[in-house]
Amino acid sequence: MFASIILLLICIVFIVIQLKSRRPKNFPPGPPVWPILGNILDLSLENPLKDFERLRKTYGNVYSLFLGPKPVVVINEMKTIKEALVTKGVDFAGRPQDLLINDSSEREGLVMTDYGSSWKEQRRFALMNLRNFGMGKDSMEERIHGEIQYTVDTLEKSIGKSFSPQNMFHNAASNIICQVLFGKRFEYEDETIKTVVQCFTENAKIANGPWAMIYDSFPLIRSLPLPFRRAFKNVETCRKIAKSLMNEHKQTRVPGEPRDFVDCYLDRLDKPGDRSSFSEAQLTMYILDLHFAGTDTTSNTLLTGFLYLMNYPHVQERCQQEIDMVLEGKDQASSEDRNNMPYVQAVIHEFQRVANTVPLSIFHSTTKDTELNGYSIPKGTLIIPNLTSVLNEEGQWKFPNEFNPENFLNDQGEFVKPEAFMPFSAGPRMCLGEGLARMELFLFTVTLLRKFKFIWPEDAGEPDFTPVYGVTLTPKPYRMKVQLRVSQKIPH
Ligand code: HEM
């Protein structure tokens, strides 16, 4: 009996030591850590966003967790996230390198490349060439309008019917980035692009889902034939498609006369004796990164926006009045019209705030030993910037927990952008497609609202605004009805 009690005490002491000793000295606090499991039991594997919020309330804006043996620091609220990603930008500009998302992409591309000279070179190249191929310029606007016309056709064919807009917005956003990358668009029924979009949307859910969490927490099980293998298969499928598009380009290109982003990259590869980070393998993954980053984000934001517009008809009508007034006599909207449409601007920003499209940003990692809010964080620690905590932060928004364009309007009805509006994150790794995304969101919303009235179908029941969790948040599938507007004042 005595021996059993001693044994039990030893076990308890062992467990307590295990629970305590995992956190290095002055590491951010967090819930007790279980041997082997880490904190996996503290998080819902399906959707941990509520758990992250609960832990923030208990442990503060900088707290830690363990994914199996791996320490993770979650950073919350605007001031702290800005301190990390902007003030100490370089310290926090790394990317973790041992997650499912790294293994499935074979560590190529741009989005998951660690901080360093290769990433700098690749990012600079993307920014420069996206600009050359129209981002922020008139030609891009024309391309977006060209694509919107296909969306308008799709909507016109659906007048009076109730239909799902899911694929429509994904196809449109995909085609816009395809025109930048490959200089061409794909028909909405094209099997190639349907496959790519399908693989991406699936991987956006897998990469933050339960199987990724298990994969990331338990290295020993990584080679087992478990459902996370699907992510590898999807990347492989897309890689083959990207390669064949690249080969097509190689055959038809004229060196020195680039037609699009891929041609520019191939020109760059021609530079003799160049020992930079540019390579064909790198290009394949780069194309996929930009295509994914430019498709699933913008389209899910639009999907969320139209879900709200249908269910807040007075907001929709007020946008339409402003659009009709500002565009009177004009063929089409241009980005500059934004300045004369404070209400529409406020509504689109509010879409982005409530859509919370990339809720945990893309994971970062520390590039050196550093400090945040007085805690020590060693080099190589996985960092989760919880953007959700900023977009709903109490004290930063007039109405943090409801859809309300007043969040972006002052007492004079002028558009204002609070500092906590950071759906594109901040600092050196901030989204590099912000300009393109904002242009798309504006031109799509304005053009479609000018022409159509969007109606929540009578038989659709109560709307469910709760999104489906993933790297990107997606509204639950819904149906919409459209009517041509009678009051539109479009010439000819
Ligand atoms: C509404 C649309 C979009 C949202 C909300 C969004 C949001 C984000 C966020 C939160 C990040 C992570 C930043 C960080 O790690 O701190 C990111 C990164 C990135 N985004 Fe976007 N994005 C959008 C559209 C686009 C578009 C259209 C493109 C394509 C041109 C794009 C390309 C990228 C790339 C390449 C990165 C990685 C940057 C790097 O690691 O250096 N995004 N985006």
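**Entry 1, ground rules.** I number residues from 1 along each chain, as its sequence is written. Since the model is predicted, local features need pLDDT of at least 70 and side-chain atom pairs count only at pLDDT 80 or more, while totals for chains, interfaces and linings use all residues.

Which residues come nearest to the ligand? I found A293, G294, S425, C431 and G433, out of 27 residues around the ligand; a residue is near if its C-beta atom, placed from the backbone, lies within 6 Å of the molecule. Two or more shell residues come from each of α5 (117–132), α12 (280–311) and α16 (434–451). My helices (H or I, at least four residues) and strands (E, at least two) are DSSP runs, numbered from the N terminus. With seven residues, α12 gives the most to the shell. I sorted the shell into 15 nonpolar, nine polar and three charged residues. In that sorting, Ala, Val, Leu, Ile, Met, Phe, Trp, Tyr, Cys and Pro are nonpolar, Asp, Glu, Lys and Arg charged, and the others, Gly among them, polar.

Next I followed α12 to helix α7 (residues 166–182): the two axes come within 8 Å and cross at roughly 145 degrees. Axes are lines fitted to C-alpha atoms, for helices over the stretch in contact, and angles run from 0 to 180 degrees between N-to-C directions. Contact here means C-beta atoms, placed from the backbone, within 7 Å. On α7 the contact residues include F169, H170 and I177, and on α12 they include L290, H291 and G294. The contact divides into eight nonpolar, eight polar and no charged residues.

**Entry 4, the open sheet.** I then traced four strands in the order β1-β2-β7-β4, an open sheet with mixed pairing. Strands pair if DSSP finds at least two bridges between them.

Finally, I looked up β9 (residues 480–484). Two bridges join β9 to antiparallel β3 (residues 162–163), with F163 partnering M480. Four bridges join β9 to β8 (residues 452–455), again antiparallel, and K453 partners Q483.

Note on methods: Contact = placed C-beta atoms within 7 Å.
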